[in-house]
Amino acid sequence: MDWQWKLLPLLTLLASFLFLYYIQDSFKPFQSDCSLLPYSHYWIASKHIVTPQGIISGAVEVKGGNIISIVKDKDWNGKSKQVVDYGYAVVMPGLIDVHAHLDDPGRAEWEGFPSGTKAAAAGGITTLIDMPLNSFPSTVSTETLKLKIEAAEKRIFVDVGFWGGLVPGNAFNATALEGLLNAGVLGLKSFMCPSGINDFPMTDANHIKAGLSVLAKYRRPLLVHSEIQQDVESYLQDEDGDDPRLYSTYLKTRPPSWEEAAIRELLTVTKDTRIGGPAEGAHLHVVHLSDASSSLDLIKEAKRRGDSITVETCPHYLAFSAEEIPDGDTRFKCAPPIRDAANKENLWNALMEGHIDMLSSDHSPTVPELKLLNDGNFLRAWGGISSIQFVLPVTWSYGRKFGVTLEQLALWWSERPAKLAQQHSKSISAYIGKRLSGKVLATFVRGNLVYNEGNHAAAACGALILAT
Ligand SMILES: NC(=O)N[C@H]1NC(=O)NC1=O
Ligand SMILES: [Zn+2]
Ligand SMILES: [Zn+2]
């Protein structure tokens, strides 16, 4: 049913132009607030087009919202055609961000659907999957998903899908979970430590096991924030202990052993996802891995054993290191925390070697007041980094030292995330590649030029992506 649903807006568009199509030639300009381009049939030309068969010089033909052909220079004559020529700038698949917190409804002043999806478009992201927490209420039931959908409708500039929340209140209620999955969430997300959001309590291995058995039937993934509190006392210490304005004070409160403990616990459950196991068909995805040592080793071992498990990390763990975070600069506070430079290097190595499967933003903004920028108290400030607009240039800039290729960017940011969310990337974006450090020039979503050098399309024409 999925493809039919996606075709619907396309058909509407086609139907309205059908009459004109027959009396005019196919290059007839069309007027749509959805796109900054006045054509629905055109070619995107570039010397660097990232395709599954490697990088080519040529053009991508787009018609009625779909890519209908990709041609190499030698087979193409651009004359008398509608061409958007990006020269040496890179044309590549749009990014799919599987981990973003848009806080609409309920906390739209942190980030709303319009602002968040415009920032995504400016960053080359053409699809984002919204996390079930930080909005109010949290997305944990069919009713609360409906509120999300209502808040998003006609207000999104890129495509948006939703993860549902797995919480103690629904974990043992298969009917409730099935209702949520039937209503269209692409999978579920849970926390193994306090989430910082009151109506999103944490789950333990029993909740997760129960959730996975329902997800197995739907063949949809469970995403887990994998940290378990180890030493509550050090976590709670504050003024009486070390200086809360020092990043090192915060770092000590969330050691790698938290991640390791959570992943160790998760692996007791993921063994059920092996072929022939009781939860075959379910998949577990570890979000925002920060610890590149024991935690990563455990995941590698589970993959070798045949568990259905993947792992992501985020640009902030690849770009920053604990040593360089200035005192009181709580913009860098996130959980799990940014660790030392050696760990960052190991995360890059793991990514390059294929042990980390994909990247996501974990875009988790809030209002400046809750970041406590004046106090600079790392222990009390909101944990979460606002980043959605910058992830592609950041990955490219910091990855060059490690020899990152454009194909790898497409693998980590488009292909693997698409597989996790069971989406097929249809969209394309262009950004300046090798000669500069990487800047998104333009973003196309379903054939619409939604972002072009600082300008956004007038209308919010992103599609809602609901699982069927
Ligand atoms: N609630 C929420 O967004 N938490 C996120 N922030 C962060 O830094 N890590 C998270 O899991
Ligand atoms: Zn998290
Ligand atoms: Zn998150």
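Trainee: In β3, what is the bridge partner of Lys-63?
Mentor: Asn-66 is the partner of Lys-63 in β3. Keep in mind that this is a predicted model.

Trainee: What makes β2 and β3 a pair?
Mentor: At least two bridges are needed for strands to count as paired. Strand β2 (residues 54-63) and strand β3 (residues 66-72) have six bridges, in the antiparallel sense, so they qualify. They form a hairpin with two residues between them. Gly-64, in the turn, has a positive phi of about 55 degrees.

Trainee: Which UniProt annotation covers residues 37-89?
Mentor: The unreviewed entry has "domain: Allantoinase composite" over residues 37-89. In the model, that stretch is 0% helix and 58% strand, and its end C-alpha atoms are 18 Å apart.

Trainee: Why do β6 and β19 count as edge strands?
Mentor: Start with the order of this open sheet, which is β6-β7-β8-β19, with parallel pairing. β6 and β19 (464-465) each have a single partner strand, so one side of each is left without a neighbour in the sheet.

Trainee: What makes β6 and β7 paired?
Mentor: β6 and β7 run parallel and are joined by four bridges, so they pass. Leu-95 stands opposite Ile-125 in β7. Helix α2 lies across β6, β7 and β8, running at about 140 degrees to β7.

Trainee: And the other sheet: which strands stand at its edges?
Mentor: Six strands form that open sheet, in the order β9-β10-β11-β12-β13-β14, with parallel pairing. The edges are β9 (164-165) and β14 (358-359); each has a single partner strand, so one side of each lacks a neighbour in the sheet. Inside that order, three bridges join β12 (residues 283-286) to β13 (residues 309-313), and Leu-284 stands opposite Ile-309 in β13.

Trainee: Where does α6 lie?
Mentor: α6 lies across β10 (188-191) and β11 (221-225), at about 155 degrees to β11. It also packs with helix α9 (residues 256-270), at an angle of about 35 degrees and with the axes 10 Å apart. The crossing of α6 and α9 is right-handed.

Trainee: Which residues of α6 and α9 meet?
Mentor: Ala-205, Ile-208, Lys-209 and Leu-212 in α6 meet Glu-265, Leu-266, Thr-268 and Val-269 in α9. Those contact residues divide into five nonpolar, one polar and two charged. Lys-209 and Glu-265 are in that contact, and Lys and Glu both count as charged, so those are the two.

Trainee: How do you know which residues surround ligand 1?
Mentor: The C-beta atom has to lie within 6 Å of the ligand. The residues around ligand 1 include His-101, Asn-134, His-225, Cys-334, Gly-383 and Gly-384. The shell divides into four nonpolar, eight polar and no charged. Gly counts as polar here, so Gly-383 and Gly-384 go in that group.

Trainee: Where are the cis peptide bonds?
Mentor: One joins Asp-104 and Pro-105, with omega about 5 degrees; Pro-105 sits in the loop between β6 (95-100) and α2 (113-122). Another joins Phe-136 and Pro-137, with omega about 0 degrees, and Pro-137 lies in the loop between β7 (125-130) and α3 (142-152).

Trainee: What is the phi of Lys-154?
Mentor: Lys-154 has a positive phi of about 60 degrees although it is not a glycine. Lys-154 lies in the loop between α3 and β8 (159-162).

Definitions and conventions:
Residues numbered from 1 in each chain as written. Chains lettered and ligands numbered in written order. Predicted model: local features only at pLDDT ≥ 70, side-chain atom pairs only at ≥ 80, totals over all residues. Axes fitted to C-alpha atoms, helices over the stretch in contact; angles between N-to-C directions. Left-handed = near helix turned anticlockwise from the far one by under 90°. Contact = placed C-beta atoms within 7 Å. UniProt positions renumbered as here; feature names shortened; annotations may be inferred.
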